[in-house]
Amino acid sequence: VIWQYGTLFGEGLLTVILETNPAEAVEYLRSVWRVLLVMMGLLLILGMTAYRLHRLWQKRRRQLSRKVLVLIQPEVIGIFLAVLYIRPIGGEAPFDLPITQIPSAFFQTWEDMGHYEKLRQNLSGEVSLLKNESKIPYVVLILGESTQRNLMHLYGYSLPNTPHLDTLAETGELAVFRDVISAKQGTVLSLREIFTFHDAESGREWYQCNNLLDVLREAGYRSWWISNQDSFGVWGNTGALLADRADSRAFTQHRASQDDFGLPDEALLPLLEDALAVDGSGKNFFVLHLMGCHVLYELRFPESFKRFTAQDVDGDFPSDWKEDMAAYANAVFYNDFIVSGIIDRFRDRDAVVIYLSDHGENVHDEGSALLGHAYGKPNRYLYEIPMVVWASDTFRQKRPEKWNAIQGAVSRPFMTDDLIHALLGLMDIQTGEYDPKKNIFAPEFDRERKRLVSGRNYDTELRHEKIDE
């Protein structure tokens, strides 16, 4: 696999090995038989060389001591150079050298798989519906990544980096929500809140609450999880766990983020088209999980989408900061292309599409050195995210009351831990955990609910604070 795909030895490769059954292994070996022949030849040569050295050593131990030392010097030097110069996985940890990667990857993979299995067994799946009047054939949730709304032209940013969404908003096809925040400042914790009934008031662990995929299955929906994110690992286990609740799932790569930098989000589009080619006469729910604007920003878009440069960034910032800000603007520009491309694939269907980001991002906001996101001291830019809703002509014509309710809610304050209530309410599905006061589209919606992030009130504290580095 390392030879065939040019990958590094790490958790990605190990998980593939540990999760592969004999039939899959045989099929793969048949596809790479030429590589296997070369490898067998190399092993044969190495074996013969070792055997000859062993025989010589037995015959003339003392006489050969110096000769053997000379023979092994190139190998010793080669190993030393490999340890020093071969790029470690991730390229960051100073002691994550190739010689330490194998045991480290084994231990991390084994631990991740253990955590995954424990969560899978504990995840609540007992669903009882109180109401199911759902009739929408296509409901789509596009889950973005690390996208801060203040750095999108759609929300007033100076650089024109959202041309497609701008057009949809201008033509009245797009409802743009102005006051939405994420429940958490990182992907793993955000997913737990978005896809389950868990929130600050629930009083239970997140995996003890019912999740959206199980509810929708009970309501007769076929669910699809299509992802360009990690398929496993310390950052990917939660996503993979939720994806397992879907009826169909596809990842653009079998990988963990420690292994490589991933693919552009357009790699999702063929997987989506394959899913849409399946008979969709029933009720279908899609989750499309993007890499979005995750650091490193310059890796999130193809070269053809490099529209903005440091010279386009206003303000008195260091040149390297301007490079970061321009790269982020380009990532948003590419993200706009991806989101609108997904929308276009549902244009001729009876469909509603919701796009939001899992959390925000720091990109030198207020002249700070902060870049990226972490589970550290919070600031408002880590939570302020975009949320938009698009509906096809068919949807709007058949359900004008729902489209009016969506448009009438764009100024309401909302946090993504209530998204499950909004989606189920929109789809006319109710369980015992559903609360119309948490459904942003419902007339009962509670605008006064405290939006607590990291134990602090966003509305009275965080949104008014300056960044404190």
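Biologist: Which helix does D166 lie in?

Modeller: D166 lies in helix 7, residues 163-170. Before going further, this is a predicted model, where local features need pLDDT of at least 70 and side-chain atom pairs count only at pLDDT 80 or more, while totals for chains, interfaces and linings use all residues. Residues are numbered from 1 along each chain as its sequence is written, and side-chain values use heavy atoms, with hydrogens and water left out. Helices (H or I, at least four residues) and strands (E, at least two) are DSSP runs, numbered from the N terminus.

D166 itself is buried, where buried means under 20% relative accessible area, exposed over 50% and partly exposed in between (1.4 Å probe, protein chains only). Setting aside neighbours within four places in sequence, D166 is in contact with H153 and L154 (contact being heavy atoms within 4.5 Å).

Now for the helix around it. Helix 7 packs against helix 12 (residues 319-344) at about 50 degrees, with the axes 7 Å apart. The axes are lines fitted to C-alpha atoms over the stretch in contact, and angles run from 0 to 180 degrees between N-to-C directions. The two helices are therefore oblique to each other: under 35 degrees counts as roughly parallel, over 145 as roughly antiparallel, 65 to 115 as roughly perpendicular, and the rest as oblique. From helix 7, P163, H164, L165 and L168 make the contact, meeting F333, D336, F337, V339, S340 and I343 of helix 12.

The side chains of D350 and K398 meet in a salt bridge, 3.3 Å from N to O. D350 is buried at 8% relative accessible area, whereas K398 is exposed at 53%.

Seven of the seven residues of strand 8 (residues 351-357) are buried, so the strand is largely enclosed by the rest of the structure. Strand 8 pairs with strand 2 (residues 138-144) in the parallel sense over seven bridges, where pairing takes at least two DSSP bridges. One of the partners is Y355, bridged to I142.

Methods. Lys, Arg positive; Asp, Glu negative; His and termini not counted. Salt bridge = Lys/Arg side-chain N within 4 Å of Asp/Glu carboxyl O.
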